[in-house]
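Here's a quick tour for anyone meeting this structure for the first time. Have a look at the sequence and the model, then read on.

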Amino acid sequence: MALFSERREGIPHAPLHVVLVAFTLFTIYPILWVVSLAFSGKQSLAIATLPENPTFWDRLRAVTPWPEQFSVSNFASVMTDQPFAKWMLNSAIISIGTTVVGVFLACTAAYAFSRFKFPGQRAGMMAFLVSQMFPGTLMLIPLYIILVQWLGLGSSRLGLIIVYATTSIPFSVWMLKGYFDTIPKELEEAALIEGASVGRIFWSVILPLAKPAVAVTALFSFMTAWNEFILAATFMDQETMYTAPVGLRFFVGGFSQQWGYFAAGSIIVSVPVVFLFLFLQKYLVSGLTAGGVKG
C-alpha cells in the first residue's frame, strides 16, 4: 500500500492539468461563442471581419469567441421589440405548474408503491419502466387527439401542464420510490404509536426526510417543461401562447438569420434553470436519514 502511495505521489501533475484545461476549453468553447454572439450586437455568425488576404492571426481572430465591441442591444431588442417576455412568462407558468402537479402526484404514488401492498403493484411499476423505453414523439398523435380534439385544450397552458406532468411521472415515481425504500420504517411505526395518521406521517415525517429526492424530482420536472420543444410546438398554434423554446426558433429560420437575438434569448432562457439549480443544490445531498434510528 505504501509503495502504491509513493508511486501515485510521484506522478507529475503538470501534464494532467494541461489535459484537463484543454478538455475544459473544448467543452466551454461553444458556450463562449453563444455569449460572444449575444454581446456582439450583430446578427451574423461572424464576429470579426477578415481582410482580403488574411494572415494566420487574422484567421485565429475569426475563430476566437470575442466580439470586436460589446453591446447589450441584442438583449434589449429581444425583450422589447419581440414578444419574448410573454413567451418567458408562458414557460414559467407551465414549468411551475408541471413541477407542482408532477411532484405531488409522483410523491404520493411513489409512497404508495413503497409502503403498501396491493394488486397490480409490480405490474404498475413495470408499466412505468416500460413507458420510458419509447420515444416521446411516439405519443405525439394520441396526445394531440386526446388533448386537442377530445378535451379542447389546444393552445392552452393547462394542456401542456397536463402533458408534461403525465410524461414526467414514470421516471419521478421510480426515483422517489427508491429513496422512500431507504427511509427506515421504524420512524413511521413510532409515529403510528404516537397516534399520527398515514397522511400526517407522509407530510410530517417522510417528505422532510426525502427532501433530496424531492428536490431532484422538482428540478427534473421543471427542466423537462422549461426546455421541451416538440410538444409545445405541436400544441401551441397561437403566437401569444408560445413558450420560450418555441419562440427561439423564429429567430433562426428559412427567412431570417437573427443569430444575435437567438444567442441572447438562449442565455436569458438558461438563467432561471441555473438559479434554480443553485437554490436546490443544498438539498441535493443524500443521507439525511443517517442516524435517524439508533442501533
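Predicted model: local features only at pLDDT ≥ 70, side-chain atom pairs only at ≥ 80, totals over all residues.

Where does Ser-155 lie? Ser-155 sits in the loop between α7 (140-150) and α8; helices here are DSSP runs of H or I with at least four residues, strands are runs of E with at least two, and both are numbered from the N terminus. Residues are numbered from 1 along each chain as its sequence is written, and side-chain values use heavy atoms, with hydrogens and water left out.

**Confidence**

- The protein averages a pLDDT of 85, pLDDT being the predictor's confidence in each residue on a scale from 0 to 100.
- A score of at least 70 is reached by 91% of the residues.
- Helix α5 has the highest confidence, at 94, while helix α1 (residues 2-9) has the lowest, at a mean of 48.

**Ser-155 up close**

- With a relative accessible area of 10%, Ser-155 is buried (buried is under 20% relative accessible area, exposed is over 50%, and partly exposed is in between, using a 1.4 Å probe and protein chains only).
- Setting aside residues up to four places away in sequence, Ser-155 touches Phe-235, Met-236, Asp-237, Gln-238 and Met-241.
- The phi of Ser-155 is near 55°, a positive value in a residue other than glycine.
- As background, most residues other than glycine have a negative phi.

**Pockets**

- The largest pocket holds about 330 Å³ of space.
- A pocket is found on a 1 Å grid over the protein atoms alone, as an open set of points where a 1.4 Å probe fits, with protein on both sides within 12 Å along at least five of seven lines; lining residues have an atom within 4 Å of a point.
- Grid points are joined across faces, edges and corners, and a volume is the space filled by probe spheres set on the points.
- The largest pocket has 16 lining residues, and Phe-134, Pro-135, Gly-136, Met-139 and Thr-167 lie nearest its centre.
- α8 (157-180) and α12 (230-235) each give at least two residues to that lining, with α8 providing the largest share, 4 residues.
- By type, the lining of the largest pocket has 8 nonpolar, 7 polar and 1 charged (Ala, Val, Leu, Ile, Met, Phe, Trp, Tyr, Cys and Pro count as nonpolar, Asp, Glu, Lys and Arg as charged, and the others, Gly among them, as polar).
- The second largest pocket holds about 250 Å³.
- It is lined by 16 residues, and Val-103, Lys-211, Val-214, Ala-215 and Ala-218 are the closest to its centre.
- For the second largest pocket, the lining divides into 13 nonpolar, 2 polar and 1 charged.

**Aromatic rings**

- There are 22 aromatic pairs in the structure; rings of Phe, Tyr and Trp (its six-membered ring) pair if their centres lie within 6.5 Å, and planes under 30 degrees apart count as stacked, over 60 as edge-to-face and the rest as tilted.
- Phe-56 and Trp-57 have ring centres 5.3 Å apart and planes at 75°, so they make an edge-to-face pair.
- Both Phe-56 and Trp-57 are exposed.
- Tyr-111 and Phe-202 form a tilted pair, at 5.0 Å centre to centre with 50° between the planes.
- That pair links distant parts of the chain, with Tyr-111 in helix α5 and Phe-202 in helix α10, 91 residues apart.
- Tyr-111 and Phe-202 are both buried.
- One aromatic cluster is formed by Phe-84, Trp-87, Tyr-242, Phe-250, Phe-251 and Tyr-261.

- Phe-128 belongs to helix α6 (residues 121-131) and is partly exposed, with a relative accessible area of 21%.
- Pro-51 is in the loop between α2 (14-40) and α3 (56-62), and its 41% relative accessibility makes it partly exposed.

Notes:
Contact = heavy atoms within 4.5 Å.
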